[in-house]
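Dear colleague,

Please find below the structure that I am handing over to you. My notes on what was found in it follow directly after.

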Amino acid sequence: MTSTTLSTSPPLLPRPSTEPTQPPVSNDPPSFTPIHDASDINQIELLSVSWNQDYGCFAAGTSQDFRIYNCQPFKETFRRNLKTGGFKIVEMLFRCNILALVGGESNSHYPPNKVIIWDDHQSRCIGEFAFRSEVRAVKLRRDRIVVVLEHKIYVYGFMDLKLLHQIETLANPRGLCCLSHHSNTSVLACPGLYRGLIRVEHFGLNIMKLINAHDSHIACLTLTLDGLLLATASTKGTLIRIFNTMDGTRLQEVRRGVDRADIYSIALSPNFQWLAVSSDKGTVHIFHLRVIVFGGHSSSQSSSVQGPALLHQNSSTSLDALIPPSTGANPSSSLSFMRGVLPKYFSSEWSFARFHLPEDTQFIAAFGSQNTVVVVGMNGSFYRCSFDPVHGGEMLQQEYVRFLKTKT
């Protein structure tokens with residue numbers, strides 16, 4: 001059971017446009033908490049880090065406040081201390097003034113079972129959702145607010161906060177859920193009702209697809225911005241699989257390693273060429289994707305793209321997914337002709353490039369510009385590294401920032 005409160009303030013967002021509203025970076029309102037030197041935050045605990053939708057910024061929830069950081073160039077954009085305690089969830093909407101907040105255990109005013117819709121231009125709460133159980137995650141897009149509980153997902157309209165959909169899930173303590181962010185697609189992916197099952201909702205097309213992704217429980221999942229490709233990992237953490245969300249076809253499978261691992265994050269590059277994975281093994285792996293997504297009419301794609309691997313999409317988006325023959329860019333075993341005889345990992349696709357990190361910290365990775373990867377850790381560290389798109393191998397560290405000194 002939920003309760004919803006909507007402020008009588010003006011609409012949450014400006015009229016839809018191709019560009020999101022920018023945050024108050026240059027002209028911060030007087031009520032912003034000043035940015036202090038690192039010497040005054042030695043006792044702050046970092047509760048969460050999360051990317052915005054285009055990976056250009058990330059939000060940090062701490063035991064005292066929340067902060068927004070720009071990735072390139074790296075800088076703290078602003079912080080907000082509401083004097084009530086910390087925030088375990090801080091969800092941005094691109095770079096606009098609206099954020100979704102969920103308080104930490106010690107927050108005296110915003111408990112973990114309540115979602116706050118915060119307008120940073122007005123410096124106040126303009127809406128809230130209260131639930132009987134703890135909120136596991138919140139996801140935003142320009143027209144939807146999605147709240148994830150352990151066994152249920154609620155989908156609300158952004159402008160009026162009206163409940164639109166309810167989705168039952170298997171136990172989901174990680175709050176797994178992801179959304180598309182293109183204006184012409186409205187896709188949600190989440191765990192299904194059975195182990196290893198993923199439910200994909202194409203709200204705009206009134207299509208629901210169930211994908212048997214793994215034998216084990218789902219540990220991590222992500223969508224491309226248009227929602228047409230889905231990447232998943234299980235709690236085993238050895239394989240990452242890429243699916244077509246329209247028909248559930250498995251398009252590619254890559255191998256992180258042989259040993260079990262806890263997958264912290266999966267990222268798909270905007271150009272559909274690369275996939276990044278971070279885990280508790282202390283390595284960020286980059287894989288070369290063999291999936292090409294074409295726009296335009298399916299009839300023109302059918303005539304211009306040759307080969308039996310073409311997967312025709314009977315949808316309003318008229319997109320085709322093509323898996324070309326392997327070009328050798330992503331190393332695989334030279335014993336592939338013996339598939340079915342040798343163990344599966346001999347013929348698996350292994351990572352193209354790697355970056356090593358401390359194993360005792362949780363890191364999330366995403367793609368930056370010009371063949372770079374940005375990494376944020378729960379120890380308050382930020383890395384930028386580059387990879388060679390032709391030869392791969394070890395990535396080169398370009399930047400390191402300790403943006404927050406956490407409790408030891």
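In what order do the five strands of the open sheet with mixed pairing stand? The order is E22-E23-E24-E27-E31. Strand E22 (263-268) and strand E31 (393-394) are at its edges, and each has a single partner strand, so one side of each is left without a neighbour in the sheet. Within this sheet, strand E23 (residues 274-279) and strand E24 (residues 283-288) are joined in the antiparallel sense by five bridges, and Trp274 has His288 of E24 as its bridge partner.

Before the remaining findings, some conventions are needed. The model is predicted, with local features requiring pLDDT of at least 70 and side-chain atom pairs counting only at pLDDT 80 or more, while totals for chains, interfaces and linings use all residues. Residues are numbered from 1 along each chain as its sequence is written, and side-chain values use heavy atoms, with hydrogens and water left out. Strands (E, at least two residues) and helices (H or I, at least four) are DSSP runs numbered from the N terminus, and two strands pair if DSSP finds at least two bridges between them.

Strand E15 (residues 187-191) and strand E16 (residues 197-202) run antiparallel and are joined by five bridges; the partner of Val187 in E16 is His202.

Strand E12 (residues 152-157) pairs with strand E13 (residues 163-168) over five bridges, again in the antiparallel sense. Tyr156 stands opposite Leu163 of E13.

Nonpolar cores

A nonpolar core is a set of buried Ala, Val, Leu, Ile, Met, Phe, Trp, Tyr and Cys residues joined through side-chain atoms within 4.5 Å; buried means under 20% relative accessible area, exposed over 50%, and partly exposed in between (1.4 Å probe, protein chains only). The largest core has 22 residues, of which Val115, Phe131, Val135, Val138 and Ile145 touch the most other members. At least two residues of this core come from each of strand E7 (98-103), E8, E9, strand E10 (137-141), strand E11 (144-148) and E12. Another core, of 18 residues, lies apart from it and includes Val284, Val375, Phe387 and Met395.

Backbone features in loops

Most residues other than glycine have a negative phi, and most peptide bonds are trans. The peptide bond from Gln72 to Pro73 is cis, with omega near -5 degrees, and Pro73 lies in the loop between strand E4 (66-71) and strand E5 (74-80). Lys83 has a positive phi, near 65 degrees, and is placed in the loop between E5 and strand E6 (87-92); at 71% relative accessibility, Lys83 counts as exposed. Ser123 also has a positive phi, of about 55 degrees. Ser123 is found in the loop between strand E8 (114-119) and strand E9 (124-131) and is partly exposed, with a relative accessible area of 24%.

With kind regards
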